[in-house]
Amino acid sequence: MYGRIKKSNDALSSHSVIESSEKKMEPNYDRAFGVYGICMRDNKLLVIRKNRGPYIHRFDLPGGQLEHGETLTEAMKREFVEETGFEINIVSQAGTTDFQYPCKWKEFTHVHHIAVFYYVDIAGGKLLSHPVQFEGQDSLEALWIAPQDLNIDNASPLVLKAVESLSLLSWPYE
């Protein structure tokens, strides 16, 4: 612990005391709410690689935050096209989860992520290996990857939650 040495003015005390310069930091959370698509093909999961934000350089699920006035399913379809190039059909809602993830991003120390997952099927379009970049676009590329190749070192907590909680390793669901 580093601190400043402070002389005591107390006449009864002839020793110096250390005044701590360490402050207990309160977590500063960024709350993120979004919709995310789970799309499997040939035993591989469709993911994106993030180019910014708290999950930069990690694999993530296609999806994101709602724009003003959008429904959950409208946002899911829009985000999927923007990040992957694929138009989708929503099969069903897969579940909802939230988690808190420590990370230093902007002025935040943690992310509190609230996620609604959907099972989706591809209805059309073509894989965008390099999506068009615009303000708000956080997908660097879209690609297929085997769920067993995703881990804490290369994937976002969203992907890990989907693989763990939704048992993607035994896709398709019955």
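## A buried proline between two strands

At 0% relative accessibility, P62 counts as buried (buried means under 20% relative accessible area, exposed over 50%, partly exposed in between, with a 1.4 Å probe and protein chains only). P62 is located in the loop that links β6 and β7; helices (H or I, at least four residues) and strands (E, at least two) are DSSP runs numbered from the N terminus. Apart from neighbours within four places in sequence, P62 is in contact with V35, Y36, G37, L46, V47, I48, M76, F80, E83 and T84, where contact means heavy atoms within 4.5 Å. K77 lies 15 residues from P62 in sequence, and their C-alpha atoms are 9.8 Å apart.

## Basis of the model

This is a predicted model, in which local features need pLDDT of at least 70 and side-chain atom pairs count only at pLDDT 80 or more, while totals for chains, interfaces and linings use all residues. Residues are numbered from 1 along each chain as its sequence is written, and side-chain values use heavy atoms, with hydrogens and water left out.

## Overall organisation

The protein has two helices and ten strands, arranged from the N terminus as β-β-β-β-β-β-β-α-β-β-β-α. Of its 174 residues, 43% count as buried. Among contacts with a separation of 6 or more, 64% come from residues 24 or more positions apart.

The accessible surface is about 10800 Å², and carbon and sulfur atoms contribute 51% of this area. Accessible areas come from the Shrake-Rupley method with a 1.4 Å probe, and for residues only the protein chains shown count as cover.

## Strand β3 and its partners

Seven of the ten residues of strand β3 (residues 29-38) are buried, so this strand is largely enclosed by the rest of the structure. Two strands pair if DSSP finds at least two bridges between them. Strand β9 (residues 108-125) runs parallel to β3 and is joined to it by ten bridges; within this pairing, A32 stands opposite H113. With strand β7 (residues 63-64), β3 pairs in the antiparallel sense over two bridges, and Y36 has G63 of β7 as its bridge partner.

## Strand β5 and its partners

Five of the seven residues of β5 are buried, so β5 too is largely enclosed by the rest of the structure. Strand β4 (residues 40-41) pairs with β5 in the antiparallel sense over two bridges, with M40 opposite L45. These two strands form a hairpin with two residues between them, and D42 in the turn has a positive phi of about 55°.

Strand β6 (residues 59-60) is also antiparallel to β5 and is joined to it by two bridges. In this pairing, I48 has D60 as its bridge partner.

## Nonpolar cores

A nonpolar core is a set of buried Ala, Val, Leu, Ile, Met, Phe, Trp, Tyr and Cys residues joined through side-chain atoms within 4.5 Å. The largest has 24 residues, and those with the most contacts inside it are I38, L45, L61, F117, L150 and V159. At least two residues of this core come from each of β3, β5 (44-50), β8 (86-105), β9, β10 and α2. A second, separate core of eleven residues includes V35, L46, V116 and V120.

## An exposed loop residue

D153 is found in the loop between β10 (139-145) and α2 (157-165). D153 is exposed, with a relative accessible area of 67%. From C-alpha to C-alpha, D153 and R58 are 8.0 Å apart in space, although 95 residues separate them in sequence.
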